[in-house]
Amino acid sequence: MNAQSLPCHRDPAPAFGPQPRRATRQVRIGGVAVGGQAPVVVQSMTNTDTADVASTVKQVAELWRAGSELVRVTVNNPESAAAVPRIVEKLAMMGIQVPIIGDFHYNGHQLLANEPACAQALAKYRINPGNVGFGKKKDLQFAQLIEFAIRYDKPVRIGANWGSLDQALAAQLMDENHLRAEPWDAGRVLREALIRSALDSAARAVELGLPAARIVLSCKVSGVQELIAVYRDLASRSDFALHLGLTEAGIGSKGIVASSAALSVLLQEGIGDTIRISLTPEPGTSRTQEVVVAQELLQTMGLRAFTPMVTACPGCGRTTSEFFQELAKVVQQHVRDRMPEWKVSHPGAENLTLAVMGCVVNGPGESRHANIGISLPGTGEAPAAPVFIDGEKAMTLRGENIAHEFVGVIDDYVERKYRRAAQAG
């Protein structure tokens, strides 16, 4: 699809801040609310062999600890389907109640029929209308999956995907397009096929008896402009809860930038109820990076708060020492490590703002804007680091233990401010 062929309509944006969330039905997935006025939910997906119970439990636990509120697993064969109840049971024994979503393609109707314990253990089913079945079997197998969702009282994500588009529907719409007085370009027709695949499948699910309030829709593509165009159109044509994400964002900075570029536009316009950042992990890196990116996207946009945010100086010729970079890394890692505990014992700590600055130019001013800030000495400046708390200079740190002492200042502040708030509540 050529990005130049995309429609150039754009809803007017507010002068400041995201638009109010668009009205969607609220869906309950386990204990998590998606849609309506609920906060945008972060989800992720394992890349382990689901049949390997130990490895899958370990990765789900890691994703949950990083902040994933929903976790999807591949259910593609009898072994993985049989493993799902054991995975859910082991997670519960660890005190992890994160909803597990089953990702089905091609044979989901058979797997759920043969493994009723799997059907019961999953918190939601993901169905791809492009490969749920082919030819005469498509409608039957889709209906069977919906019947399982009704029987076990489970919500469903109907997830259309650019890479597995319903070819029969695409061909039908292409034929209809030839009859138009002013035919659409091919890209628009294919976008329409993707949206129609999701909407028509949702309508069929409702006809079969699945409540509309148990349906989430997604229409995933891999291009930024295409995703924005598709979801603007989808949001204008339905009130189902919507799951956002590029289908294959990519590796490293490319994947992060592409996902942020697409999702931030939609979220700014009030579109989207749950998101996933589909990063290709770099060798040796943790799967949890996609969770961190999703959280930081929502937090930097002001939509949610997950962990204290650290403003840090980028560095210039005034900051030839790398100490401020090392301190910023230490501070950011420290608050992330402490956040699981603070979330329970010190609610509100996730809203804390921190600044680690490298010289006198912007250091004191930026530090005053944060709850806690430190302005480190730049090249040639006096070897002293003033610390500001809630806009006021509180102390000056010197010597070899600045990092340890500054982290202690943060911990003391959290204990003093947010423990008192917890006890008062």
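In this predicted model, D103 touches M45, R72, V73, T74, V75 and R126, leaving aside residues up to four places away in sequence. D103 sits in strand β5, which spans residues 100–104. Its relative accessibility is 6%, so D103 counts as buried. A longer-range separation was also computed for this residue. D103 and V34 are 69 residues apart in sequence. In space, their C-alpha atoms are 18 Å apart.

Strand β5 belongs to a closed barrel of eight strands. The strand order is β3-β4-β5-β6-β7-β8-β9-β11, and the pairing is parallel. Strand β3 covers residues 41–45 and is mostly covered, with five of its five residues buried. The side chains of β3 are divided by direction. V41, Q43 and M45 point one way from the strand. V42 and S44 point the other way. Both sets are buried. M45 is also one of the residues touched by D103.

Three bridges join β3 to β4 (residues 70–74), and the two strands run parallel. Here the bridge partner of Q43 is L70 in β4. Three of the D103 contacts, R72, V73 and T74, carry numbers that fall in the β4 range of 70–74. Between β3 and β11 there are two bridges, again in the parallel sense. V41 has T274 of β11 as its bridge partner.

Strand β11 (residues 274–275) also pairs with β9 (residues 241–244). These two strands run parallel and are joined by two bridges.

A second sheet was found. This sheet is open and has five strands, in the order β13-β14-β15-β16-β17, with mixed pairing. Its edge strands are β13 (309–312) and β17 (392–397), each of which pairs on one side only. From one strand to the next, the twist averages 20 degrees. Within the sheet, β14 (residues 353–357) and β15 (residues 372–375) run parallel and are joined by four bridges. V356 stands opposite I374 in β15. Helix α11 lies across β13, β14 and β15. The helix runs at about 160 degrees to β14.

Helices α1 (53–66), α10 (289–300) and α11 (323–345) each supply at least two lining residues. The most comes from α11, which gives eight residues. By class, the lining holds nine nonpolar, eight polar and nine charged residues.

The model holds one cavity of 30 Å³ or more. The space in the largest cavity is about 40 Å³. Its lining is made up of F104, H105, Y106, N107, G108, H109, I127, N128, N131, V132 and L145. F104 carries a number within the range of β5, residues 100–104. The lining of this cavity divides into five nonpolar and six polar residues, with no charged residue.

D153 is found in the loop between α5 (137–151) and β7 (156–161). At 52% relative accessibility, this residue counts as exposed, because the cut-off for exposed is over 50%. D390 lies in the loop between β16 (385–389) and β17. Its relative accessible area is 44%, so D390 is partly exposed. D103, at 6%, counts as buried.

Terms used. Residues are numbered from 1 along each chain as its sequence is written. This is a predicted model: local features need pLDDT of at least 70, side-chain atom pairs count only at pLDDT 80 or more; totals for chains, interfaces and linings use all residues. Side-chain values use heavy atoms; hydrogens and water are left out. Ala, Val, Leu, Ile, Met, Phe, Trp, Tyr, Cys and Pro count as nonpolar, Asp, Glu, Lys and Arg as charged, and the others, Gly among them, as polar. Two strands pair if DSSP finds at least two bridges between them. Buried means under 20% relative accessible area, exposed over 50%, partly exposed in between (1.4 Å probe, protein chains only). Axes are lines fitted to C-alpha atoms, for helices over the stretch in contact, and angles run from 0 to 180 degrees between N-to-C directions. Contact means heavy atoms within 4.5 Å. On a 1 Å grid over the protein atoms alone, a cavity is a set of points where a 1.4 Å probe fits but cannot get out, and a pocket is an open set with protein on both sides within 12 Å along at least five of seven lines; lining residues have an atom within 4 Å of a point. Grid points are joined across faces, edges and corners, and a volume is the space filled by probe spheres set on the points.
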